[in-house]
Amino acid sequence: MTPGRIDTHHHFFPPAYLQRKRDEIIAMAPSHAVRVEGWSAARAVEAMDAAGIELSVASIAPPGVWFGDVAESASLARISNEYAVRMIADHRCRFGFFAAVPFADVDATLAEIAHAFDVLKADGVGLMTNYDGVWPGDPRFEPIFAELHRRQAVVYFHPVAAECCMGLLPGVAPATLEFPFDTARAVTSLMHAGIFARYPGIRFIFSHAGGALPMVAARLASAMQRAKQEICDAMPGGPFGQLRRLHYDVVNATHPMAFNAVREMAGITQLLHGTDYPYWETGNTAKGLAALGLPADELAAVERGNA
């Protein structure tokens, strides 16, 4: 086939995972229940073909696999990752996957990382932006990032809403405001903790153009330089240089205001195509990018080359 787009933000729903956690998964986006429950790998491939997508890197959608119990979450991660491998085998050259891990428990996560990379040959790890109100820069998670750095891994972050911020504005879905804010919190957490500085071997991807991050990037950089100068010195180019080394998918960010903001912050080379399938149509991002009138080389980079 003609080389097509690469989708780095593409969700899948292993049947056993959906069966065990249906109510929690549907509660994240009730209006999309039909899409979620109707998901199948075959339908996903049909949707990819319709949008000129050659390959999608699949990841578990919010709320992920952490539900407060280590054994349960480790089991959900394992069945999800092993299903991904079967899906890849059934649809050759159409899928990759970011492995699910029970991130809130360090030992269980390290065990699943070893299985995912050494046995299942995962393309990276998929994480959520917070776990029970604890953000990824928390010191307890340091061994996880040390191991991911050792493996030169890709780490993909998808937002979830923090429990503290649920229902602040009645009638406004958490995904509307809290998802983009929590992405900015996760990046800030990792930067303030020095994770980016100590583990440059990790290649990070953040969803939705970094959420609110482009709008607060200058404030974050200024605060870092006042309070965390030692960490700033360890990052080539300081905070702004670090933000330009992260990658950002452009799902729901192809409006000129959002796209221009993340391009100004990160540069074209750091932007990735994504669809947020099955929550959104596979062609939405491509249509939005086409409307921006980007030069052909920049469009090709975002849709495929950068990935």
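The model is predicted, so local features need pLDDT of at least 70 and side-chain atom pairs count only at pLDDT 80 or more, while totals for chains, interfaces and linings use all residues. Residues are numbered from 1 along each chain as its sequence is written, and side-chain values use heavy atoms, with hydrogens and water left out.

On a 1 Å grid over the protein atoms alone, a pocket is an open set of points with protein on both sides within 12 Å along at least five of seven lines, and a cavity is a set of points where a 1.4 Å probe fits but cannot get out. Lining residues have an atom within 4 Å of a point. Grid points are joined across faces, edges and corners, and a volume is the space filled by probe spheres set on the points.

The largest pocket has a volume of about 720 Å³. Its lining is made up of 31 residues, and Ala175, Thr176, Phe179, His208 and Asn252 lie nearest the centre. Helix H7 (174-192), helix H9 (213-227) and helix H12 (256-266) are the elements that give two or more residues to this lining. Helices (H or I, at least four residues) and strands (E, at least two) are DSSP runs, numbered from the N terminus. H7 gives the most, with seven residues. By class, the lining of the largest pocket has 22 nonpolar residues, eight polar and one charged. Here Ala, Val, Leu, Ile, Met, Phe, Trp, Tyr, Cys and Pro count as nonpolar, Asp, Glu, Lys and Arg as charged, and the others, Gly among them, as polar.

The second largest pocket holds about 440 Å³ of space. It is lined by 19 residues, with Met28, Pro63, Val160, Ala161 and Glu163 nearest its centre. Helix H1 (15-28) and H7 each supply at least two residues of this lining, and H7 has the largest share with three residues. The lining of the second largest pocket divides into 14 nonpolar, three polar and two charged residues.

The structure also holds one cavity of 30 Å³ or more. About 80 Å³ of space lies in the largest cavity. Strand E3 (95-100) and strand E4 (124-128) each supply at least two residues of its lining. Among the lining residues are Ile60, Trp66, Phe98, Leu127 and Tyr131. The lining of the largest cavity has 10 nonpolar, two polar and no charged residues.

His9 is found in strand E1 (residues 5-12). His9 counts as buried because its relative accessibility is 0%; buried means under 20% relative accessible area, exposed over 50%, and partly exposed in between (1.4 Å probe, protein chains only). The side chains of His9 and Asp249 are joined by a polar contact of 2.9 Å. A polar contact is a pair of N or O atoms within 3.5 Å; within protein, one must be able to donate a hydrogen and the other to accept it, and residues adjacent in sequence count only if both atoms are side-chain atoms. Leaving aside neighbours within four places in sequence, His9 is in contact (heavy atoms within 4.5 Å) with residues including Tyr156, His208, Asp249 and His273.

Phe204 is found in strand E6 (residues 203-206). With a relative accessible area of 3%, Phe204 is buried. Not counting residues up to four places away in sequence, Phe204 touches Phe145, Phe157, Leu190 and Leu246, among others. Phe204 and Phe157 are 47 residues apart along the chain, and their C-alpha atoms are separated by 7.7 Å.

The last topic is charged pairs. A salt bridge is a side-chain nitrogen of Lys or Arg within 4 Å of a carboxyl oxygen of Asp or Glu, and by this rule the count comes to 17. Arg22 forms one with Asp23, with the closest N and O atoms 3.1 Å apart. Arg22 is partly exposed at 33% relative accessible area, whereas Asp23 is exposed at 56%. Arg22 also meets Glu37 in a salt bridge (2.6 Å, N to O). This pair links distant parts of the chain, with Glu37 in helix H2 (residues 33-37) and Arg22 in helix H1, 15 residues apart.
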